[in-house]
Amino acid sequence: MTETTQRRNTAPGTGKQDAGTAPQGRRGDGIAPPETRGSTAIADTVVAKIAGMAAREIPEVHNLGGGMTRAFGAVRQRVPGGGTGVTQGVKVEVGERQAAVDLDVVVEYGAAIADTAADIRTNVINAVERMTGLEVVEVNIAVDDVHLPDEEDEGEGESEQEGRRVA
């Protein structure tokens, strides 16, 4: 069990509590609140990962990245230690208090692109601002492609064919 002790500021020699004085720091000035003691720097890659994950949460988003970006991402994912490609199709600029996000998106066929873009923008802004405390000044979305239901992704067809090979 923990015992709690209360401290009171008392005026010297009187034994009475002095309600007008605040706790004093080492130099005699008031103690600064914890949020002002030091600085926090958030890397661009952190914001890019948050934005990429938030954009992928929208059901109408098939993938992120342009054609060549997706092709390089597919190769990179096959290389051990190449990464997961969470930031594929995401570019960010991060300042001290603000961030800007650019997204390259592939949407599912049949999705209302304007509504999907609004959903992406809202989700990305909410996620980045909530997790980092940065103000998101803009989220620019470029729709690079539409994924058709009968199209295979790069890499999906190859893995299926590899499973059918006879040695």
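**Entry 1: Val46**

I began with Val46 and placed this residue in helix 1 of what is a predicted model.

**Entry 2: helix 1 against helix 3**

Two packed helices are described by the angle between their axes and the distance between the axes, and I looked up both quantities. For helix 1 (residues 44-56) and helix 3 (residues 113-132), the axes come within 8 Å and the crossing angle is roughly 140 degrees. Helix 1 is therefore oblique to helix 3, because only angles over 145 degrees would count as roughly antiparallel. I also noted the hand of the crossing of helix 1 and helix 3, which is right-handed.

Which residues make the contact? On the helix 1 side I listed Val47, Ile50, Ala51, Ala54 and Ala55, and on the helix 3 side Ile120, Asn123, Val124, Ala127, Val128, Met131 and Thr132. Sorted by class, the contact of helix 1 with helix 3 holds 10 nonpolar residues and 2 polar ones, with no charged residues.

Ala127 lies in helix 3 and has a relative accessibility of 12%, so I recorded Ala127 as buried. Setting aside neighbours within four places in sequence, I found Ala127 in contact with Ile50 and Ala54. I also checked Ala127 against Met53, and these two are 74 residues apart in sequence but 9.1 Å apart in space, C-alpha to C-alpha.

For Val128, again not counting residues up to four places away in sequence, my list of touching residues reads Val47, Ile50, Ala51, Gly133 and Val136.

**Entry 3: the nonpolar core**

I then asked how many residues the largest nonpolar core has. The number is 23, and the residues with the most contacts inside this core are Val90, Val101, Leu103, Val105, Ile120, Val124 and Val128. Looking at where the members come from, I noted that at least two residues each are supplied by helix 1, strand 1 (61-64), strand 2 (90-94), strand 3 (98-108), helix 3 and strand 4 (135-147). Helix 1 gives the largest share of this core, with 6 residues.

**Entry 4: Asp144**

Turning to a strand, I looked up Asp144, which is found in strand 4. The relative accessible area of Asp144 is 38%, so I classed this residue as partly exposed. Beyond the residues up to four places away in sequence, Asp144 touches Gly65, Gly66, Asp104 and Val105. I followed up Asp104 from that list: Asp144 and Asp104 are 40 residues apart in sequence, and their C-alpha atoms are 6.2 Å apart in space.

**Entry 5: the chain as a whole**

Last, I stepped back to the chain, in which I counted 4 helices and 4 strands. Read from the N terminus on, the elements run α-β-α-β-β-α-β-α. Of the 167 residues of the chain, 25% count as buried. I also looked at contacts between residues at least 6 apart in sequence, and among these 66% join residues at least 24 apart.

Technical notes:
Residues numbered from 1 in each chain as written. Predicted model: local features only at pLDDT ≥ 70, side-chain atom pairs only at ≥ 80, totals over all residues. Heavy atoms only, no water. Axes fitted to C-alpha atoms, helices over the stretch in contact; angles between N-to-C directions. Parallel < 35°, antiparallel > 145°, perpendicular 65-115°, else oblique. Left-handed = near helix turned anticlockwise from the far one by under 90°. Contact = heavy atoms within 4.5 Å. Nonpolar A, V, L, I, M, F, W, Y, C, P; charged D, E, K, R; others polar. Core = buried A, V, L, I, M, F, W, Y, C linked by side-chain atoms within 4.5 Å. Buried < 20%, exposed > 50% of the residue type's maximum accessible area, 1.4 Å probe, protein only.
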